[in-house]
Amino acid sequence: MSEIRKVKTTDLDLKDRLVAINRVTKVTKGGRTFSFSAIVVVGDENGIVGIGLGKAKEVVTAIAKGIEDAKKNLVKIPVNKGTIPHEQAAHFGGARVWMKPAAHGTGVKAGGAMRAIFESVGITDILAKSKGSSNNHNLVKATMLALTEMRDAYTVAQHRGVGMDKVFNG
């Protein structure tokens with residue numbers, strides 16, 4: 001796995017998207033206790049994204065906690081002309097994701113949890129598929145894992161110790 005490029009929240013205009021809200025019931029001898037968990041994605045739509053999970057007795061508080069958690073986990077993703085640099089696959093738990101760069105004008109061809117992440121990153125054209133588990137928690141984590149493993153051409157050239165012309169022609 002390549003190095004994860006952590007980002008600080010200063011001077012960023014972050015937009016948040018709610019992926020899922022889950023109501024959890026705890027049964028005790030005094031009755032049922034309801035609480036909520038919220039998965040939130042924040043991003044600046046310019047290559048920076050983070051995911052967070054918030055849990056609380058109320059929905060609004062859970063979302064706020066999720067946003068704060070997501071702001072602590074921001075990473076930089078290489079975006080090349082509105083799409084990803086290369087094909088990528090990853091899995092987390094039972095969720096498997098596959099993504100492929102698409103031509104300009106294709107749009108975001110992806111499911112709900114993956115779509116929220118792609119839009120927050122700023123990817124406008126991508127082909128993506130999720131297989132296996134459709135659990136939103138694992139889908140979000142698998143998508144983020146695949147995106148953090150992306151390498152742009154400059155990183156590949158630097159890692160190999162060659163020029164950019166060798167990466168594209170060789």
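What share of the 170 residues in the chain is buried? Buried residues make up 38% of them, where buried means under 20% relative accessible area, exposed means over 50%, and partly exposed lies in between (1.4 Å probe, protein chains only).

## About the model

This is a predicted model, in which local features need pLDDT of at least 70, side-chain atom pairs count only at pLDDT 80 or more, and totals for chains, interfaces and linings use all residues. Residues are numbered from 1 along each chain as its sequence is written, and side-chain values use heavy atoms, with hydrogens and water left out.

## Overall layout

Five helices and eight strands make up the elements of the chain. Here, helices (H or I, at least four residues) and strands (E, at least two) are DSSP runs, numbered from the N terminus. Reading from that end, the order is β-β-β-α-β-β-β-β-α-β-α-α-α. The C-alpha trace spans about 70 × 35 × 30 Å along its principal axes.

A contact means heavy atoms within 4.5 Å. Of the contacts between residues at least 6 apart in sequence, 58% join residues at least 24 apart.

## Surface and charge

The chain exposes about 9,800 Å², and carbon and sulfur atoms supply 50% of that area. Accessible areas come from the Shrake-Rupley method with a 1.4 Å probe; for residues, only the protein chains shown count as cover.

There are 26 positive and 15 negative charges, and their mean positions are 10 Å apart. Lys and Arg count as positive and Asp and Glu as negative, while His and the chain ends are not counted. Each charge is placed at NZ of Lys, CZ of Arg, CG of Asp or CD of Glu.

## A network of salt bridges

Side chains of opposite charge can pair when their charged atoms come close. A salt bridge is a side-chain nitrogen of Lys or Arg within 4 Å of a carboxyl oxygen of Asp or Glu, and the count comes to four.

Let's start with R17, which meets E45 in a salt bridge (3.2 Å, N to O). R17 sits in strand β1 (residues 15–28), and E45 in the loop between β2 (31–43) and β3 (48–56), 28 residues apart. R17 also meets E119 (3.6 Å, N to O). E119 lies in helix α2 (residues 112–121), so this pair ties together parts 102 residues apart in sequence.

Salt bridges that share partners join K15, R17, E45, R115 and E119 into one network.
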